[in-house]
Amino acid sequence: MAIALLLSMTSPGLAQMTNIAQVPGLSVEQQARNSYAKGQFTEAAQLFQQAAQVYQAANNPIHQALSLSNLSLCYQQLGRWDDAHRAITESIALLNTIKEAKLDKSLALAQALDIQGGLQLARGQGEAALKSWEAATSIYTQLNKPNRVLTSQTNQAQALQNLGLYKKAISLLEPALKLPQLSTTNPEQLKPLLEKVAATPETATALRTLGESLRVVGNFPQATLILERSLAIANQLQLPEAIALTQLSLGNLARTQISLSKDSKTPINPQVAINFYKQVAASATPDLKVQAQVNLLSLLVETNQLDAAKALLPQLQQNIATLPPSRSAIASRVNLAQTMIQMQKQPNSQISWSEIAKLLAAGVKQAKDLGDIRIQADALGSLGNVYEHTQQWTEAEKLTQQAVQLGQQINAGDIAYRWQWQLGRVMKAQGKIESAIAAYTEAVGTIKSLRADLAAANPNVQFSFREAVEPIHRQLVGLLVESNQKDNLKAARDVIEGLQLVELDNFFREGCLNGNLAQVDQVDKKAAVIYPIILENQLAIIASLPNSQNKAETKNERDFRYYKTAISRQEIEKLTTKLEGGLKQSTILDLTLPLLQQMYDLVLRPEADDLAASQVETLVFVLDGVLRNIPMAALHDGQQFLVEKYSIALTPGLQLLAPRSLKQQRLGALVGGLSEARSGFEALPNVQQEVENIKAELPSQVLFNQNFTNSAIQGGIGGASFPIVHLATHGQFSSQADDTFILTWDGKIKVNELSGVLKTVEISQDNSLELLVLSACETAAGDNRSALGLAGVAVRSGAKSTVATLWRVDDEATAKLMSQFYEQLVKANQTGITKAEALRRAQLAILKNPDYQAPYYWAPYVLLGNWT
């Protein structure tokens, strides 16, 4: 289970008047302030209560209200939440009885609203806190107090974070700090702008809050600069709490990057995060110290530094036991328990399930007393997880059901899906398969509801794709296909396609598939759609075939079939890695043929007879996981390659951008190419011939070498109508969006920028981009999910169809194949053959050339999206 990184909100300061006259009760109030500053909250509470009574007797409602507001703060520090609520409610009600407009009244009311917002947020009431702070901001604006306005806006941003609305928090703080839109600002441009931000306690807090939101949405370079500036201001002004909070944020930033780099070729050294956490633990207040230690412990466990984790645990347990009940203290308990669960699974663990259960049971009670439903749901679900591990199924089911219900009660989908998943596992373990399917289906539905704003969700959602989101989908598919019932097979198909879309959203950190959509099954009646699904101990295949019955009521129905081969996920990944390496390196057919036949036996052999009987002409694959890195055209049945029998296309899901047939429009292409070495990439001398061949086949505007720049592409597209864009240049596909790009003369077009570069296609002469061709790209070496980047390019470009290469081929062979492809496209414009068939004929032409028979030369070309 992913551990949520603990954040700490800034403690609100005591309410006060800026110019205080000598009034009765002032000496008592000053004593109260001194006690509060020393951390003597019980004594401070008694003194503020006395001050409020003195002010009431003196008929001074404003100072009485201020004392009540500060009394609420004392009660918050003591964990007396109901008393804190009564005190602040009385303060605000008292101020609202003052009819005449007074500056002192307005200032007191704004401060009371600030304190009320802090209380509401501490109790998990994010929406109520946001409203309180919006009202406070409005008053401070009227009073022309810019520092307090910024503080209140920062508080609003923290409420938005609590609600999972990180992008809104960023949009609020950017103008508040007079910063540009950071998502489109180069880090080098940002540095001088940050130096101009005034060094005040308020800006230090606002910058830290902004940096935290940037971390969550994945803008790491900007987050680093923002947090470093916040720390510099805090150090300059000697603000100990602000220093510790920002160090904690920098530790969390490094920790997030460590977690994301686990599967990469160059994982990040965890020592940076460890050092920040240790600095906080050495110097901060007890609450912050515990937060840092909890985050440090989970990092040590995640990076397998178990001896260090075991040494830290007793000290952390002792520290956490001394904390008074508060939202952050309970969150620390829950996070500690979740890390202890991970530690308990290790060999020779000295941790007992009972001590974890006791820790969580105390957290459940404290969260219930606090009235924080979100933390209560997390504590209950984690306790249910303990009983799941100890196989006490009845108790596990009861606790998990409660966690699910609480998560749904507050519409907290980012935590609800985890407990719905757990409930599904618990039900399955008891043999309650229908109930398990229902719980898993609820979890998938919750994740689907989070898709539209995945990047703005809780960090647990965004960064737990591999740990939670993907297993949920696969485990549900496993349950559905075993029934082999048509409705369940259709449901399994929908679930695996939902996974594909969530994976793309996770890749881009935002919802990515919009526009005029058409159902895959309805695009082409002569196509079969094949879903190979990698489960833990089998390769499941769902095939959607044209219905063989000719009855009017069933002619639009599809025939769903389920096939399976018993094989472990690890064996599939091993075969795929070996085959991918062989295809990219070997120009000798005999060396890869046995592996291609083995892959055919897994993916196509089970349904081959049914495909033949259905008389389909095109196979459309919705490929799963590592299978995306293998060109299906090259699979071999022992007699011939698959491309010799069928046209082949790929799609990331059930819905496609609806095309306009090339036959219905005048063909023309914008062609960009690089033949010279640029930015460390070698020359592609045959690109010039490739470009000339295209010009010979259809009207073209060419941007070549130094003319092939980002701005020239945009200008070229805007100046004419091109249904086709062909880019003959280096490019790389990766599982990380930042490492997926296309090379131009003056730099790189990253996948997230691609839509901006090509967007003028959609508006130039009301035309749309029907086909994007990338003829010299390759998937990143050592990245078994790199083909995800190819799907990302296909989606982000806005093109209805994309032709690209899985590896970079001899550019002479590329020139020949592309020439054949465009020759077939011109014929397709006249005869109506599909784009998939045009690509197939071009590949066959190369395949028949004795010099290029090996799949290395012709197989990497794949068609994604609409194939018609």
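Where is Asn 705 found? In this predicted model, Asn 705 sits in the loop that runs between β9 (700-704) and α30 (710-719). Most residues other than glycine have a negative phi. Asn 705 is also tucked away from solvent, since its relative accessible area is 6%, and so it counts as buried.

Gln 615 shows a positive phi too, of about 60 degrees, and again the residue is not a glycine. This one belongs to the loop between α28 (608-614) and β5 (618-621). Is Gln 615 buried or exposed? With a relative accessible area of 65%, Gln 615 is exposed.

Next come the helices. The axes of α18 (residues 373-389) and α20 (residues 413-429) come within 10 Å and cross at roughly 25 degrees. Angles under 35 degrees count as roughly parallel, which makes α18 roughly parallel to α20. As for handedness, the crossing of α18 and α20 is left-handed.

Which residues of α18 and α20 meet? On the α18 side they are Arg 374, Ala 377, Asp 378, Gly 381, Ser 382, Gly 384, Asn 385 and Glu 388. Facing them from α20 are Asp 414, Ile 415, Arg 418, Trp 419, Gln 422, Arg 425 and Val 426. Sorted by type, the residues of this contact between α18 and α20 come out as four nonpolar, five polar and six charged.

That leaves the aromatic rings. How many aromatic pairs does a search of the whole structure find? The search turns up six. One of them joins Tyr 36 and Phe 41, with 5.2 Å from centre to centre and 70 degrees between the planes, an edge-to-face arrangement. Both partners, Tyr 36 and Phe 41, are buried.

Tyr 852 and Tyr 857 make another pair, with ring centres 5.0 Å apart. Why is the pair of Tyr 852 and Tyr 857 edge-to-face? The planes of the two rings stand at 65 degrees, and planes over 60 degrees apart count as edge-to-face. Tyr 852 and Tyr 857 are both buried as well. Tyr 856 joins in here, as ring pairs link Tyr 852, Tyr 856 and Tyr 857 into a cluster.

Notes. Residues numbered from 1 in each chain as written. Predicted model: local features only at pLDDT ≥ 70, side-chain atom pairs only at ≥ 80, totals over all residues. Heavy atoms only, no water. Axes fitted to C-alpha atoms, helices over the stretch in contact; angles between N-to-C directions. Helix = DSSP H or I, 4+ residues; strand = E, 2+ residues; numbered from the N terminus. Parallel < 35°, antiparallel > 145°, perpendicular 65-115°, else oblique. Left-handed = near helix turned anticlockwise from the far one by under 90°. Contact = heavy atoms within 4.5 Å. Nonpolar A, V, L, I, M, F, W, Y, C, P; charged D, E, K, R; others polar. Phe/Tyr/Trp six-rings, centres within 6.5 Å; stacked < 30°, edge-to-face > 60°. Buried < 20%, exposed > 50% of the residue type's maximum accessible area, 1.4 Å probe, protein only.
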